[in-house]
Amino acid sequence: MLKSTSPATPPPERFRFPKSAHLRDGRDFARVREGGKAVQGRLLKLALFCPRTGGVAKVGIITSKRVGGAVVRNKVRRRLRELVRHSRAHFPPGSLIVAIAKPAAAAASFDELREEWLLLARRLSIFPAAA
RNA sequence: CUCCGAUGGCGGACGGCCGUUCUCCGCGAACCGCAAGGUGGCGGGGAGAGGAAAGUCCGGACACCGAAAGGCAGCAUGCCGCGUAGAACGCGCGGGGGAGAGGGACGAAAGUCCCUUUCAACGGACAGUGUCACAGAAAACAAACCUCCUCUCGGCGAAAGCCGGGCGGGAAGGGUGAAAAGGCGGGGUAAGAGCCCACCGCCCCGGGCGCAAGUCCGGGGGCACGAAAAACCCCAUGCGGUGCAAGACAGAACAGGAGGAACCGGGUUGCCUGCCCGAUCCUGCGGCGCAAGCCGCGGGUGACCUCCGGGUAUUAGUCGCAGUCCGAAAGGACUGUCUCGACCGCAAGGCCGAGGCAAGACAAAUGGCCGUCCAAGCCCCGGCGCAAGCCGCGGGCCGGACAGAAUCCGGCUUACAGCCAUCCAAAAACG
RNA sequence: UGCCCUGUGGUGUAAUGGUAACACAGCGGCCUUUGGAGCCGUUAUUCAUGGUUCGAGUCCAUGCGGGGCAG
């Protein structure tokens, strides 16, 4: 299952992704876009910005109209949210992360999305223990 | 029998682990903010996408704009009736005539009538302006190329006649075209022609039927009336504008300065009139704050849905009637309605009664993964059948169509795998 | 979410309802030692599907695509 493929040994607590961990403020998005580090693959583009010293890490997901219709975009966003939910505990505290879905993500399976997500996250050194 | 078709309905089911939004109960008291206020922890219960949520093509509700007053412009609609005098519509239902297709009857033919089915944005072309390419002699106060006919001139010929030209007559035939100026038959004629006659069509009048659009019957006219209004346009009817990013509330912050003022400036939907405002005013410039909070926003509510039963009653109202006002008039508006009279329908629906129901975000919830099953698709096996194909308590593979609420409703349009139910008339086609 | 505008060769523009025109670019050819210039030729489902009309790029309806505005 998902637990076994996570990069670090998952803690026994449950994985959640409440609204307080969502990146929602437009200024935060602008800060990540201008001051963050970004890598991209075939399906995704990932950006990281670590300005703050504490607090919960916030993640924003962008699925533009280029990805597809409303149904497709919902599907991709929900899958990305599921990935974030499972690996959220390893994010550096206070970091701001933005995940942007590219059009190819519409046709990708959940497993393909997960491999790309882990690869890009490692490249950004989001997981300190695994990196 | 199958395929196709029409109409209506459904739009996978059950379960496990984890997650998410809203809400309720209990426990608990932390964080953010100047503040109003917001966010959050633990346990448990409940609720959470569609028939199209879509396109935004119509109509409303609701909110604001207060001159939301008149006119012009503009836009929309356009056979009739009903739903709807208990929202509105460009919607629905039914009817009418029309057009296309198929069939049948009568007839010599032209055509007429009947049946079935499909379609439509079906007011007006004597109110006016404009258009009808090419072809053709002529294309909208018709015309005369070939041909036809009378008369006449010339030539040839024994003659009948033939060839060529001219003044006329005519619109039947040929040919062109999308369309050739009523059709067809007969009479008539030099040849012809509604010139005359019968039938059909058209127009007008009268009567019957129908709520009406219309239709049927009778009489008359003698044809005068081409197409196109999805060309401009005319007529009738309707429309104030903007749209939830409408708009309301709460607090925080800041800095003012300039100009204008009744023969001026600004506002008021595109224009005009008119109206309103002008120093506690208006317009620029600048400053502060910011796509922040909260309400609108989701409901004991609604033009809601479903079902069965009942009956044509009651009330508001409309018509009629009376009065007042506006208008040159036609007509319109308002008030009253004491008494008297009229008011469902073919159907759809409406009325009365009973029951049911309901998500709500704002970088935006309704999910991720897995299992079992039911349909469907493909392949194989077996059976039936001449065949197309059908059937199977046989197996395998694959694996859910179109599509995601954003203020809320009523419609329309468009997309859609598969399944279910009903219908399939006349006739035709396939095996 | 609401509202508005727009669609003709590869690009930019034309076209009273009557044979889709022009410029540039592209391709082929002529000319030239080669290239450029010049000349000749070639390149269109007028976004799609229906409808009105004898006839539609034009008029009408629906759909599709592209663009813009907003507190």
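Predicted model: local features only at pLDDT ≥ 70, side-chain atom pairs only at ≥ 80, totals over all residues.
View 1. Arg85 and Glu82 both belong to helix H3 and sit three residues apart, so about one helical turn separates them. Residues three or four places apart in an α-helix point the same way, because a turn takes 3.6 residues. Arg85 has a relative accessibility of 25% and therefore counts as partly exposed. Glu82 is also partly exposed, at 27%. The structure holds two salt bridges.

**View 2. Salt bridge between Asp111 and Arg114 in helix H4**. The closest N and O atoms are 2.9 Å apart. Both residues lie in H4 (residues 110-123). Their spacing is three residues, about one turn of the helix. Asp111 is partly exposed, with a relative accessible area of 41%. Arg114 is buried, at 17%. The cut-off for buried is under 20%.

**View 3. Helix H3, residues 70-87**. H3 has 18 residues. At 1.5 Å a residue they should span 26 Å. The end C-alpha atoms are 26 Å apart, so expectation and model agree. Buried residues of H3 include Val76, Leu80, Leu83 and Val84. Arg73, His86 and Ser87 are buried as well.

**View 4. Arg73, a buried residue without a salt bridge**. Arg73 lies in helix H3. The nearest side chain of opposite charge is that of Glu116, 19 Å away. What does Arg73 contact, leaving aside its neighbours within four places in sequence? The partners are Thr63, Ser64, Lys65, Val67 and Gly68.

**View 5. Buried and exposed sides of helix H2, residues 26-35**. Asp28, Phe29 and Val32 are buried. Seen down the helix axis, the buried residues fall within an arc of 100 degrees, so they line one face of H2. Arg27, Arg33 and Glu34 are exposed on the other side. Cover for the buried residues includes strand S2 (44-49), strand S3 (58-62) and strand S4 (96-101).

View 6. From the N terminus on, the order is α-α-β-β-β-α-β-α. Of the 131 residues, 40% are buried. Among contacts between residues at least 6 apart in sequence, 82% join residues at least 24 apart. The accessible surface comes to about 7500 Å². Carbon and sulfur atoms account for 51% of that surface.

How values were computed:
Residues numbered from 1 in each chain as written. Chains lettered and ligands numbered in written order. Heavy atoms only, no water. Buried < 20%, exposed > 50% of the residue type's maximum accessible area, 1.4 Å probe, protein only. Helix = DSSP H or I, 4+ residues; strand = E, 2+ residues; numbered from the N terminus. Arc of directions from axis to C-beta. Contact = heavy atoms within 4.5 Å. Expected span 1.5 Å × (residues − 1). Lys, Arg positive; Asp, Glu negative; His and termini not counted. Salt bridge = Lys/Arg side-chain N within 4 Å of Asp/Glu carboxyl O. Areas by Shrake-Rupley, 256 points an atom, 1.4 Å probe, with all protein chains shown as cover.
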